[in-house]
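Please look at the sequence and the 3D structure shown below, and then follow the report under its headings.

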Amino acid sequence: VTLMKRPGIVWMLTILVVLGILITIGSSIYTLTKPYISTVSPIAYYVAIFSLILLIPQIIFIYFFFMLKKSSLLWLYISFGLGIILNLIAMNWIMVILMAVVGWAIWDYVQHKKIDGQPVFT
């Protein structure tokens, strides 16, 4: 599959993940550099730090996903799994459920998507 012939879902998810990465960077840096650190709860402070660290597997995941590699699933498990754990610790239940559903949908797409009877992800 050439660059322009990637399914629309691959392009859309790649753009959404890249935007999410940029938003995470912005919000984490804002949280970590607030002038009045006492206004930031300790949990929010550590969540911001771990969110920045979790960007590494997210970037690797989206690269392999965009390149249509089945190995993107490993990085999906790592990035979404750690993200779910982080949100469980932060007691952000809506994000836990959302990440689980989106992670499952991406897994299903990578496992089952075919074009002309051939799997898209190799």
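## The end of a helix

Just after helix α3, Met91 takes a positive phi of about 55°; helices here are DSSP runs of H or I with at least four residues, numbered from the N terminus. This is a predicted model, in which local features need pLDDT of at least 70 and side-chain atom pairs count only at pLDDT 80 or more, while totals for chains, interfaces and linings use all residues. Residues are numbered from 1 along each chain as its sequence is written, and side-chain values use heavy atoms, with hydrogens and water left out.

## The buried face of α3

Among the residues of α3 that are buried are Ser72, Leu76, Phe80 and Gly83, where buried means under 20% relative accessible area, exposed over 50% and partly exposed in between, with a 1.4 Å probe and protein chains only. Seen down the axis of α3, the buried residues fall within an arc of 165°, so they line one face of the helix; the arc is that of the directions from the helix axis to the C-beta atoms. The cover over these buried residues includes α2 (42-66) and α4 (93-112).

## Ser72

Ser72 belongs to helix α3, and because its relative accessibility is 0%, Ser72 counts as buried. Leaving aside neighbours within four places in sequence, Ser72 is in contact (heavy atoms within 4.5 Å) with Phe61, Phe64, Phe65, Val110 and Phe121.

Methods
Helix = DSSP H or I, 4+ residues; strand = E, 2+ residues; numbered from the N terminus.
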